[in-house]
Amino acid sequence: MSVAKKEYKRVTVKSLIDMKTNGEKISMLTAYDYTMAKIVDGAGIDVILVGDSASNVMAGHETTLPITLDQMIYHASSVVRAIDRALVVVDLPFGSYQSDPKEALRSAIRIMKESGGHAVKMEGGKEVKESIKRILHAGIPVMGHLGLTPQSIYKFGTYSVRAKEEQEAKKLKQDALMLEKAGCFGIVLEKIPAKLAMEVAKSVSIPVIGIGAGSGVDGQVLVTHDMIGMTHEFNPRFLRRYMNLYEDMTNAFSQYAEDIKSGDFPSDKEQY
Ligand code: KIV
């Protein structure tokens, strides 16, 4: 069922909670640079995530672990300069919040001060509860992230669906309630069974945004480079590709090379 959309000139954490209350689904995409963020924001996407997936997508690392706080701040500040409407959420990278709550707060403050982002996202449940609380006490909005948490990939061993077993599903539900109680404004659920994700979304009053978590949640997020088909080796079931830019760009680049070699480019009209 589609719901009449209320206009939000500027999306805030409060607007997202309103959207959930009104049954309006939330759209979220990643961006790591000014040009992409400008297009994503102009298209009316509600939330832009400066994800630590920049580590894979922008830097070519195998995991999200290597990206640093300084690099996240660089990406986030480029994104923030492009935005008129969307809420900008910035991932706290691996190693910037796990050791203790004071360090977590210092990292979150650096992101807010130096990038101008509007909120931070961090992976994990009760293990990071004290850090989440400390950041929230400083007035910084926090989004949680449960299910497949890529910063713990070496603990999981694979990127397969999480929380299929009762015990892990139970902990995930408890963690979601804890995140809501602590004061988080939203939760990302990554790659878990759709039925479990729907139960979680129904059990909390804050928005639950899914990636590979089915249709029963309050919104969806995808990595932009995957959904526009700039990447082409990553093909999980949950990924809908809206374009095939890998092919289009490859064709454009090889045409350009051919035009230079043949002397077709530049033409008389393309010079002074
Ligand atoms: O870093 C990221 O892009 C993310 C999304 C996959 C939710 O955390």
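These are my notebook entries on one predicted model, taken from the whole chain down to single residues.

**Entry 1: the whole chain**

I began with the secondary structure and found that the chain has 11 helices and 8 strands. Along the principal axes, the C-alpha atoms fill a box of roughly 65 × 45 × 40 Å. Of the 272 residues, 49% are buried. I also looked at contacts between residues at least 6 apart in sequence, and noted that 57% of them join residues at least 24 apart.

**Entry 2: surface and charge**

**Entry 3: helix α1**

Next I turned to α1, which covers residues 13–22, and asked which of its residues are buried. I listed Ser15, Leu16, Asp18, Met19 and Lys20 as buried there. What do these buried residues pack against? I found β1 (26–30), β2 (47–50), β3 (87–91) and α9 as their partners. After the helix comes glycine 23, whose phi is positive, near 75°.

**Entry 4: Valine 223 and threonine 224**

I looked up valine 223 in the loop between β8 (219–222) and α10 (224–227). Is valine 223 buried or exposed? Its relative accessible area is 15%, so valine 223 is buried, the cut-off being under 20%. Leaving out residues up to four places away in sequence, I found that valine 223 touches Thr30, Tyr32, Ser53 and Val57. I also checked valine 223 against lysine 25, and recorded that the two are 198 residues apart in sequence and 18 Å apart in space, taken from C-alpha to C-alpha.

Threonine 224 lies in helix α10, and I noted that threonine 224 is buried too, with a relative accessible area of 2%. With its neighbours within four places in sequence set aside, threonine 224 is in contact with Leu29, Thr30, Met36 and Val40. Thr30 is therefore on my contact list for valine 223 and on the one for threonine 224, since each has heavy atoms within 4.5 Å of it.

**Entry 5: backbone angles and a cis bond**

Before this entry I reminded myself that most residues other than glycine have a negative phi, and that most peptide bonds are trans. Alanine 163, although not a glycine, has a positive phi of about 60°. I placed alanine 163 in the loop between α7 (153–156) and α8 (166–182), and at 4% relative accessibility alanine 163 counts as buried. Lysine 191 is another residue other than glycine with a positive phi, here near 45°, and I found lysine 191 in the loop between β6 (186–190) and α9 (194–203).

What kind of peptide bond joins phenylalanine 265 and proline 266? I noted a cis bond, with omega about -5°, and proline 266 is found in the segment after α11.

**Entry 6: helix α11**

Last, I looked up α11 itself, which runs over residues 245–262 and has 18 residues. From its first C-alpha to its last, α11 reaches 25 Å, close to the 26 Å expected at 1.5 Å a residue. Glycine 263 follows α11, and I recorded its phi as positive, near 85°.

How values were computed. Residues are numbered from 1 along each chain as its sequence is written. This is a predicted model: local features need pLDDT of at least 70, side-chain atom pairs count only at pLDDT 80 or more; totals for chains, interfaces and linings use all residues. Side-chain values use heavy atoms; hydrogens and water are left out. Helices (H or I, at least four residues) and strands (E, at least two) are DSSP runs, numbered from the N terminus. Buried means under 20% relative accessible area, exposed over 50%, partly exposed in between (1.4 Å probe, protein chains only). The expected span of a helix is 1.5 Å times one less than its number of residues.
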